[in-house]
Amino acid sequence: KLKIDRVAELISVQDEKYLKYLTALDICASRRLYVERVVVENDEVATQLIEKENLRKRETFIPLNRIRLYKISDENYQYFRE
């Protein structure tokens, strides 16, 4: 069995003051987070799911090996922390 997770299953908020933002995210993007976006380990897993699984609905796969991280500037970091 291939390991997959919906994007929404990977989000957690530890600080209670940010819960309101999680609720807003849930309302605005719930279908995309809970239904359509699937995080998989790599391209190979995504390909296997597409080719071998009988998908009944539209899925968007996000292979972890394709995610690129970008460092934000210190100025932007301070802005978003406020």
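User: A salt bridge is a side-chain nitrogen of Lys or Arg within 4 Å of a carboxyl oxygen of Asp or Glu. How many salt bridges does the structure hold?

Analyst: This is a predicted model, so the count rests on computed positions. Another is D74 with K71. The number of salt bridges is 2.

User: How far apart are the closest N and O atoms of D74 and K71?

Analyst: Both D74 and K71 are exposed. Side chains of opposite charge can pair when their charged atoms come close. For D74 and K71, the closest N and O atoms are apart by 3.9 Å.

User: What pattern does the protein chain follow along the sequence?

Analyst: The chain has 3 helices and 3 strands. Buried residues make up 20% of its 82 residues. Read along the sequence, the pattern is β-α-β-α-β-α.

User: Which residues of helix α2 are buried?

Analyst: Helix α2 covers residues 43-52. Seen down its axis, the buried residues fall within an arc of 100°, so they line one face of the helix. An α-helix has 3.6 residues a turn, so residues three or four places apart point the same way. The buried residues of α2 are V45, A46 and L49.

User: Which residues are exposed on the other side of α2?

Analyst: The buried residues V45, A46 and L49 take one side of α2. Exposed means over 50% relative accessible area. On the other side, the exposed residues are E44, E51 and K52.

User: Which residue has a side-chain oxygen that reaches the backbone nitrogen of E44?

Analyst: The contact sits at the start of α2. The side-chain oxygen comes to within 3.0 Å of that backbone nitrogen. The residue is N42.

User: How far apart in space are I50 and F61, C-alpha to C-alpha?

Analyst: I50 is in helix α2. Its relative accessible area is 52%, so I50 is exposed. In sequence, I50 and F61 are 11 residues apart. In space, C-alpha to C-alpha, the distance is 9.2 Å.

User: What is the bridge partner of V38 in β3?

Analyst: Strand β2 covers residues 37-40. Strands β2 and β3 run parallel and are joined by 4 bridges. The partner of V38 in β3 is F61.

User: Which residues make up the covered face of β3?

Analyst: The uncovered face of β3 has T60 and I62. P63 is found in β3. At 12% relative accessibility, P63 counts as buried. The covered face is made up of F61 and P63.

User: Is A29 buried or exposed?

Analyst: A29 lies in helix α1, residues 19-36. A29 and A8 are 21 residues apart in sequence and 9.5 Å apart in space, C-alpha to C-alpha. The cut-off for buried is under 20% relative accessible area. A29 has 17% relative accessibility, so A29 counts as buried.

User: Which residues form the nonpolar patch on the surface?

Analyst: One of them is I72, placed in the loop between β3 (60-63) and α3 (74-81). At 43% relative accessibility, I72 counts as partly exposed. The patch has about 480 Å² of accessible area together. It is formed by I72, Y77, Y79 and F80.

Technical notes:
Residues are numbered from 1 along each chain as its sequence is written. This is a predicted model: local features need pLDDT of at least 70, side-chain atom pairs count only at pLDDT 80 or more; totals for chains, interfaces and linings use all residues. Side-chain values use heavy atoms; hydrogens and water are left out. Buried means under 20% relative accessible area, exposed over 50%, partly exposed in between (1.4 Å probe, protein chains only). Helices (H or I, at least four residues) and strands (E, at least two) are DSSP runs, numbered from the N terminus. The arc is that of the directions from the helix axis to the C-beta atoms. A polar contact is a pair of N or O atoms within 3.5 Å; within protein, one must be able to donate a hydrogen and the other to accept it, and residues adjacent in sequence count only if both atoms are side-chain atoms. Patches are made of residues with over 30% relative accessible area and no salt bridge: like charges are joined within 9 Å, nonpolar side chains (Val, Leu, Ile, Met, Phe, Trp, Tyr) within 5 Å. Accessible areas come from the Shrake-Rupley method with a 1.4 Å probe; for residues, only the protein chains shown count as cover. Two strands pair if DSSP finds at least two bridges between them.
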